[in-house]
Amino acid sequence: MRTTLPTAPMGATGLVAPVQGLGCMRMTEPATATGPSAAATVINRALDLGATMIDTSDMYGRGRNEEMVGRAVRHRRDEAVLCTRFGVVFGPGDSWSMRGDAPFVRASCEASLKRLGTDVIDLYYLARPHVNVALEETIGAMAGLVAEGKVRHIGLSEVSGAELRRAHAVHPVSAVQSEWSLGARRIEAMVPDCVELGVGVVPFSPNGRGLLSARDDRSAQLARTFPGREDLPGVLRDIATGHGVRPGQIALAWVHHRARVWGIPVTPIPGTRRLDHLQENVAAAGIALTDTELARLDAVSPAGA
Ligand SMILES: NC(=O)c1ccc[n+]([C@@H]2O[C@H](COP(=O)([O-])OP(=O)(O)OC[C@H]3O[C@@H](n4cnc5c(N)ncnc54)[C@H](OP(=O)(O)O)[C@@H]3O)[C@@H](O)[C@H]2O)c1
């Protein structure tokens, strides 16, 4: 089966994004999480189902994740919207820092291209804007990579509205990637900037870092991680029962409905290492929640936090 999920234009530079992608981080975090062949099976099934935005980063597994993703999609490279991030420099032990100077941007991109085994990255993100130089230098260097054909589109991760505007003034930004779920809604303070500039949003950890999709009872951990949501699990269960689906699918469907609420393309990238979970997550993209259900979910998930 091919391409069951629809696509939509994202940003102003011609990026066409599926309505859902696949986050690959946990395939190497922890280091032993998934073998390359199991990971390749999940990634290829995601492509079959149309969840073609495949998300990795040069920091995951210190490069091993990119190698794994690259090998998995190599034989059908054109079907994937290959996305990766740069900006983190590992130091001794567990220490790390951020860089964004022009030589570093170029070296990071070259290294990612090599690990991914491709000659172009579809969507290249700056991992965090807090780097050692002005954001304008970093974006200028990323624009240079676009001009050379090494990168197709530019993205930013975890930025403020003001940072997005500064970056966008240097080169059009196609997508902002930030945490967005019923557990984490701080991004909504800057989404109006995305709407105004025509920038798409790629919500990461849309299943609440696994706490909203877990099969077992994670209420206590949910309350600690995402305060003020004590009534959320009950409401999710109730709405899920009405639809005959799992509570996690309702949580993911809520993220999908952000596209309608805000009038912008929104492509969540739920992470999974399992085929059955992937299938469920893809099905969640087709769940239509009523305004009443959305209002019930909003009421148990404070918008500012
Ligand atoms: N830009 C950034 O700074 C940043 C930060 C964090 C993450 N990310 C990106 O976002 C992606 C997703 O984030 P995430 O992994 O933190 O959180 P997530 O997508 O909210 O949750 C992933 C967890 O949920 C579980 N899960 C997924 N589907 C499920 C289902 N249908 N039923 C039950 N459990 C399910 C997964 O376990 P199984 O593997 O067992 O399914 C995994 O433990 C990452 O892979 C990464 O690409 C980006």
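**Entry 1: helix H11**

I looked up helix H11 (residues 275-284) and found that its buried residues are Leu-278, Glu-280, Asn-281, Val-282 and Ala-284, and that these pack against strand S3 (21-23), H1 and helix H9 (247-256). For my own reference, buried means under 20% relative accessible area, exposed means over 50%, and partly exposed lies in between, with a 1.4 Å probe and protein chains only. Contact means heavy atoms within 4.5 Å. Helices (H or I, at least four residues) and strands (E, at least two) are DSSP runs, numbered from the N terminus.

I note that this is a predicted model, in which local features need pLDDT of at least 70 and side-chain atom pairs count only at pLDDT 80 or more, while totals for chains, interfaces and linings use all residues. Residues are numbered from 1 along each chain as its sequence is written, and side-chain values use heavy atoms, with hydrogens and water left out.

**Entry 2: the whole protein**

I then stepped back to the protein as a whole, whose secondary structure comes to 12 helices and 11 strands. Its C-alpha atoms fill a box of roughly 55 × 40 × 40 Å along the principal axes. A compact globule of 305 residues would have a radius of gyration near 19 Å, and the protein agrees with this at 18 Å; the radius is taken over C-alpha atoms, and the globule rule is 2.2 Å times the number of residues to the power 0.38. Of the 305 residues, 53% count as buried. Among contacts between residues at least 6 apart in sequence, 75% join residues at least 24 apart.

**Entry 3: helices H1 and H2**

How do the axes of H1 and H2 cross? The axes of helix H1 (residues 36-49) and helix H2 (residues 64-73) come within 9 Å and cross at roughly 55°, which makes H1 oblique to H2. Axes here are lines fitted to C-alpha atoms, for helices over the stretch in contact, and angles run from 0 to 180 degrees between N-to-C directions. Angles under 35 degrees count as roughly parallel, over 145 as roughly antiparallel, 65 to 115 as roughly perpendicular, and the rest as oblique.

I recorded the crossing of H1 and H2 as right-handed; a crossing is right-handed if the near helix is turned clockwise from the far one by less than a right angle, and left-handed if anticlockwise. On the H1 side I listed Pro-36, Ala-39, Ala-40, Ile-43, Asn-44 and Leu-47, which meet Met-68, Val-69, Arg-71, Ala-72 and Val-73 in H2. By class, this contact has nine nonpolar, one polar and one charged residues, where Ala, Val, Leu, Ile, Met, Phe, Trp, Tyr, Cys and Pro count as nonpolar, Asp, Glu, Lys and Arg as charged, and the others, Gly among them, as polar.

Helix H2 is largely enclosed by the rest of the structure, because seven of its 10 residues are buried. I wrote these down as Asn-65, Glu-66, Met-68, Val-69, Gly-70, Ala-72 and Val-73, and they pack against H1, strand S4 (53-55), strand S5 (81-86) and helix H3 (102-116).

**Entry 4: Asn-44**

Is Asn-44 buried or exposed? Asn-44, which has its place in helix H1, counts as buried because its relative accessibility is 12%. Leaving aside residues up to four places away in sequence, Asn-44 touches Ala-72, His-75 and Arg-76. Asn-44 and Arg-76 are 32 residues apart in sequence, with their C-alpha atoms 8.9 Å apart in space.

Leu-135, Glu-136, Ile-139 and Gly-140 of H4 make the contact with Glu-163, Arg-166, Ala-167 and Val-170 of H5. These residues divide into four nonpolar, one polar and three charged.

His-168 is found in helix H5 (residues 161-170) and is partly exposed, with a relative accessible area of 21%. Not counting residues up to four places away in sequence, His-168 touches Val-173, Leu-197 and Val-199.

**Entry 5: two positive phi values**

Glu-158 is not a glycine, although it has a positive phi of about 55°; this residue lies in the loop between strand S9 (151-157) and H5. Arg-209 also has a positive phi, near 55°, and has its place in the loop between strand S11 (200-204) and helix H7 (219-225). I found Glu-158 partly exposed at 32% relative accessible area, and Arg-209 partly exposed at 41%.
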